[in-house]
Amino acid sequence: PLTGFLAARLGRKRLFMWAVVGFTLASMLSGSAQSLTQLVACRLLQGMFGSCLVPLSQAVLLDSHPRERHGAAMALWGLGVMAAPVLGPSLGGWLTEQLSWRGVFFVNVPLGILTWLGLAAFVPETALDRERRFDGLGFGMLALAIGALQLMLDRGQSQGWFNSPEVV
């Protein structure tokens, strides 16, 4: 939900490029972590920067195709989204075997650089909307709802689902 607000305020291209830089740097830091605490902190940063990559990629994809091609473009995008969870663990296991666990993070560096160069060269900037206000109430309610749903799904079975005051 924050991505739309930031994209309107900063510009879609600029936000996308900063997110790629942040994700790539956080990946490098994750691969260089010297303790579990550092790794968790770097993965948190990676998640923060990476969280807006998917909605921005969809927006850029739809902006770059005419309306009548949106369905085909999203189908192709969805193919990549479906393939990643299948190929990711296999590739990650192979990289871990061939290099080390750090290689799983360092593989993002050349991909991040290529992505940044592609964004800089091919993605046009969008108009800024400095008047757009942040919906704090909506953001807070969504965070509360997702947190409650996650708690219910995580602890529901062990607590007896809706027989538990905690879940209810």
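Which residues in helix 1 meet which residues in helix 2? T3, L6, A7 and L10 on the helix 1 side meet R12, R14 and L15 on the helix 2 side, where meeting is contact, meaning heavy atoms within 4.5 Å. This is a predicted model, so to speak of local features takes pLDDT of at least 70 and side-chain atom pairs count only at pLDDT 80 or more, while totals for chains, interfaces and linings use all residues. Residues are numbered from 1 along each chain as its sequence is written, and side-chain values use heavy atoms, with hydrogens and water left out.

**Overall picture**
- The chain has eight helices and zero strands; helices (H or I, at least four residues) and strands (E, at least two) are DSSP runs, numbered from the N terminus.
- Read from the N terminus, the elements go α-α-α-α-α-α-α-α.
- Along the principal axes, the C-alpha atoms fill a box of roughly 55 × 45 × 30 Å.
- Of the 168 residues in the chain, 26% are buried; buried means under 20% relative accessible area, exposed over 50%, and partly exposed in between (1.4 Å probe, protein chains only).
- Take the contacts with a separation of 6 or more, and 68% of them come from residues 24 or more positions apart.

**Helix 2 and its partners**
- Helix 1 (residues 2–10) packs on helix 2 at an angle of about 115°, and their axes are 6 Å apart; axes are lines fitted to C-alpha atoms, for helices over the stretch in contact, and angles run from 0 to 180 degrees between N-to-C directions.
- By class, that contact of helix 1 with helix 2 holds four nonpolar, one polar and two charged residues. Here Ala, Val, Leu, Ile, Met, Phe, Trp, Tyr, Cys and Pro count as nonpolar, Asp, Glu, Lys and Arg as charged, and the others, Gly among them, as polar.
- Helix 2 (residues 12–31) and helix 7 (residues 108–122) have axes that come within 9 Å and cross at roughly 170°.
- Helix 2 and helix 7 are therefore roughly antiparallel (under 35 degrees counts as roughly parallel, over 145 as roughly antiparallel, 65 to 115 as roughly perpendicular and the rest as oblique).
- Helix 2 brings K13, F16, M17, V20, V21, F23, T24, S27 and M28 to this contact, and helix 7 brings N108, V109, G112, T115, W116, L119 and A120. The residues of the contact split into 10 nonpolar, five polar and one charged.

**Two serines in helix 2**
- S27 sits in helix 2 and is buried, with a relative accessible area of 0%. Not counting residues up to four places away in sequence, S27 touches Q46, F105 and N108.
- S30 is also placed in helix 2 and is buried, with a relative accessible area of 0%. Leaving aside neighbours within four places in sequence, S30 contacts L39, C42, R43, Q46, W101 and F105.

**Helix 5**
- The 29 residues of helix 5 (residues 70–98) should span 42 Å at 1.5 Å a residue, and the end C-alpha atoms are 40 Å apart, which agrees; the expected span is 1.5 Å times one less than the number of residues.
- A kink of about 35° lies at L87, shortly before the proline P89; the bend is the angle between axes fitted to the seven residues ending at a residue and the seven starting there.
- H70, A73, G92 and L95 are buried in helix 5, and its buried residues pack against helix 4 (53–63) and helix 6 (103–106).

**Helix 8**
- Helix 8 (residues 136–159) has 24 residues and reaches 32 Å from first C-alpha to last, close to the 34 Å expected.
- Helix 8 bends by about 35° at L153, and just after this helix G160 takes a positive phi of about 85°.
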